[in-house]
Amino acid sequence: MSLHALVNNPLQGTLISPFLSDLSWCSRSSVVPLPSSLKPWGLAQDSQAFLAGPISNSEGDLLFLLDSSASVSHYEFSRVKDFVWDLLQPFTFGPRDVQTSIIHISTTPTMEFPFDQYLTSSTLKKAIGATQQLMGDTNTGKALSYAKEKLFSREAGARPDVPKVLVWVTDGFSSDDISEPTRLLKDMGVTVFIVSTGRGNFMELSAAASQPSEKHLHFVDVDDLPIISQELRDGILANRLHATDVTSSSFRLMWPKLLSQESGYYTLEYTPVADVGRKRTQQVSGAVTSLVLSDLEPETTYEVALIPESNVHYFPPQTTRVTTLAGKTGMPNAMKLKLTSHSYLFAILPEEISPVQVLISESGPRSFHVSWAPLLDSVLSYRVLYGPLPGNAVTELQVDGSHNSTVVEQLAPNTTYLVTVTAIYKSGKEKSLSAKACTQEGERGSTLRCPQRVACA
């Protein structure tokens with residue numbers, strides 16, 4: 001499925017000190033191990049698992065923007081080519097996997113080959129090895145604008161609805177402006193990684209990279225590029241829709257934070273590949289980055305699509321395929337307590353199931369009533385977030401855990417709102433569910449049950 005974002009490898013990570021506002025005085029940055037305590041969520045704990053075999057099911061267009069100007073030596077350019085192949089080597093290439101291309105930064109930007117030309121590892125490795133440095137000026141801004149065109153061009157072999165990732169390798173200098181082209185790229189949903197092998201301006205490159213910059217910007221000497229290959233590869237893979245905790249009847253979906261409660265929501269579709277007529281669809285709050293799908297069939301492959309619906313930026317849909325396991329997988333909601341060296345007790349833990357329903361009622365022009373169920377003793381409190389769609393404002397209400405309803409007031413007439421109810425459990429866990437609510441034009445109240453429920457986990 002898709003390409004995007006970043007999981008740091010504790011053995012091969014790089015850290016950029018936050019107090020360095022300008023690295024122009026530095027010929028090369030220090031590469032230091034990333035502490036394991038800073039390793040974020042994402043893929044499997046052992047990212048070296050990717051080295052066990054080819055990486056498939058990672059659909060996306062991956063574009064390398066390489067400094068091919070005279071400011072880079074022939075030796076440096078050859079090392080960068082080695083880095084590109086090292087980064088790409090584990091991927092599987094093809095129309096439903098990764099497609100890649102190279103654009104040269106020079107006086108005039110040039111595409112080395114289209115995305116769909118080399119779809120096997122052997123032909124791609126040969127093409128990268130045969131890539132020749134062009135020399136000329138370092139017109140990076142012009143090359144970034146050219147990259148934006150090619151990333152969405154069918155003539156260049158790009159696909160319309162797959163994630164787009166740009167990896168820009170630079171010696172840190174540019175003869176023209178880069179701020180506007182990189183802003184436009186990111187506005188179009190492109191994830192921008194920057195690898196600086198020279199004396200780059202940290203503030204300028206930090207603004208140009210996708211956010212958070214500490215996960216998308218790397219300063220490293222050209223001879224140390226292999227150190228960040230695994231980390232960057234993990235980053236590209238982690239910023240995509242993927243599944244974890246797969247059982248015979250459920251799995252957890254995880255994806256990068258693309259939206260927020262204020263900027264939009266997701267449409268989630270999942271379908272058994274062998275029975276497309278059983279497609280299920282639900283909406284998910286923009287504040288959520290993971291969701292458990294349950295009540296699934298064992299040994300069944302599901303096609304999953306996550307479609308970001310944003311009021312601010314365009315983000316392409318992300319898809320993946322997940323196959324459930326065979327048979328039963330045990331007691332996911334049980335805790336095994338050891339009594340003696342040979343005996344155990346299974347204690348059923350209370351499930352964090354509330355809320356499973358959100359009801360909008362008594363809707364008027366300026367207010368509506370929100371209620372939810374079930375009401376559980378294990379809930380400490382509820383957090384109710386609401387905001388207009390589309391819109392950038394969100395308001396929060398706190399409700400005691402002994403109550404399961406509240407009235408939302410001071411609203412705009414004839415307006416659609418997204419309401420998210422989050423149960424905060426005494427265990428520290430949270431579970432959310434959202435619904436759309438519509439205020440009325442007139443003064444008479446009515447009971448509304450919005451047609452689509454927005455599920456959260």
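# Close-up views of the predicted model

**View 1. Glu-299 sits out in the open, with a relative accessible area of 61%, so it counts as exposed.** Here, exposed means over 50% relative accessible area, buried means under 20%, and partly exposed is whatever falls in between (1.4 Å probe, protein chains only). Glu-299 belongs to the loop between β11 (290-293) and β12. Helices (H or I, at least four residues) and strands (E, at least two) are DSSP runs, numbered from the N terminus. The backbone is the thing to look at: phi of Glu-299 is near 50°, a positive value in a residue other than glycine. Most residues other than glycine have a negative phi.

A word on what is shown: this is a predicted model, with residues numbered from 1 along each chain as its sequence is written, local features needing pLDDT of at least 70, and side-chain atom pairs counting only at pLDDT 80 or more. Totals for chains, interfaces and linings use all residues, while side-chain values use heavy atoms, with hydrogens and water left out.

**View 2. The whole chain, before zooming in again.** There are seven helices and 24 strands in the chain. Of its 457 residues, 51% count as buried. Contact means heavy atoms within 4.5 Å. Among contacts with a separation of 6 or more, 70% are between residues 24 or more positions apart.

**View 3. Phe-64, Leu-88 and Val-167 touch the most other members of the largest nonpolar core, which has 31 residues.** A nonpolar core is a set of buried Ala, Val, Leu, Ile, Met, Phe, Trp, Tyr and Cys residues joined through side-chain atoms within 4.5 Å. Two or more residues each come from β1 (60-67), α1 (74-88), β2 (98-105), α2 (121-129), β4 (164-170), β5 (191-196) and α7 (226-238). Helix α1 is the top contributor to this core, giving seven residues. Look around Leu-88: leaving out residues up to four places away in sequence, it touches Leu-62, Phe-64, Phe-93, Thr-100, Leu-124 and Ile-128. A second, separate core has 25 residues, including Ala-158, Trp-168, Leu-205 and Ala-208.

**View 4. The largest cavity has a volume of about 80 Å³.** A search of the whole structure turns up two cavities of 30 Å³ or more. A cavity is a set of points, on a 1 Å grid over the protein atoms alone, where a 1.4 Å probe fits but cannot get out, and lining residues have an atom within 4 Å of a point. Grid points are joined across faces, edges and corners, and a volume is the space filled by probe spheres set on the points. The lining of the largest cavity is Leu-66, Asp-67, Val-72, Glu-76, Phe-77, Val-80, Val-169, Thr-170, Asp-171, Thr-197 and Val-222. By class, that makes six nonpolar, two polar and three charged residues. The nonpolar class is Ala, Val, Leu, Ile, Met, Phe, Trp, Tyr, Cys and Pro, the charged class is Asp, Glu, Lys and Arg, and the others, Gly among them, are polar.

**View 5. Strand β13 (residues 318-323) has one covered face and one uncovered face.** Gln-318, Thr-320 and Val-322 are on the covered face, and Thr-319, Arg-321 and Thr-323 on the uncovered one. Six bridges join β13 to strand β12 (residues 301-310), and the two run antiparallel. Strands count as paired if DSSP finds at least two bridges between them.

**View 6. His-369 in strand β17 (residues 368-373), with Glu-362 among the residues it touches.** At 18% relative accessible area, His-369 is buried. Beyond four places in sequence, its contacts are Leu-359, Ile-360, Ser-361, Glu-362, Ser-405, Thr-406 and Val-407. Glu-362 lies in strand β16 (residues 357-363) and counts as exposed, with a relative accessibility of 55%. Glu-362 also has a positive phi, near 50°, despite not being glycine.

**View 7. Two cis peptide bonds, at Pro-212 and Pro-374.** Most peptide bonds are trans. The bond joining Gln-211 and Pro-212 is cis, with omega about 0°, and Pro-212 lies in the loop between α5 (202-208) and α6 (213-216). From Ala-373 to Pro-374 the bond is also cis, with omega near 0°; Pro-374 is in the loop between β17 and β18 (379-388).

Methods:
1 Å grid on protein atoms, 1.4 Å probe; cavity = no way out; pocket = protein on both sides within 12 Å on 5 of 7 lines; lining within 4 Å.
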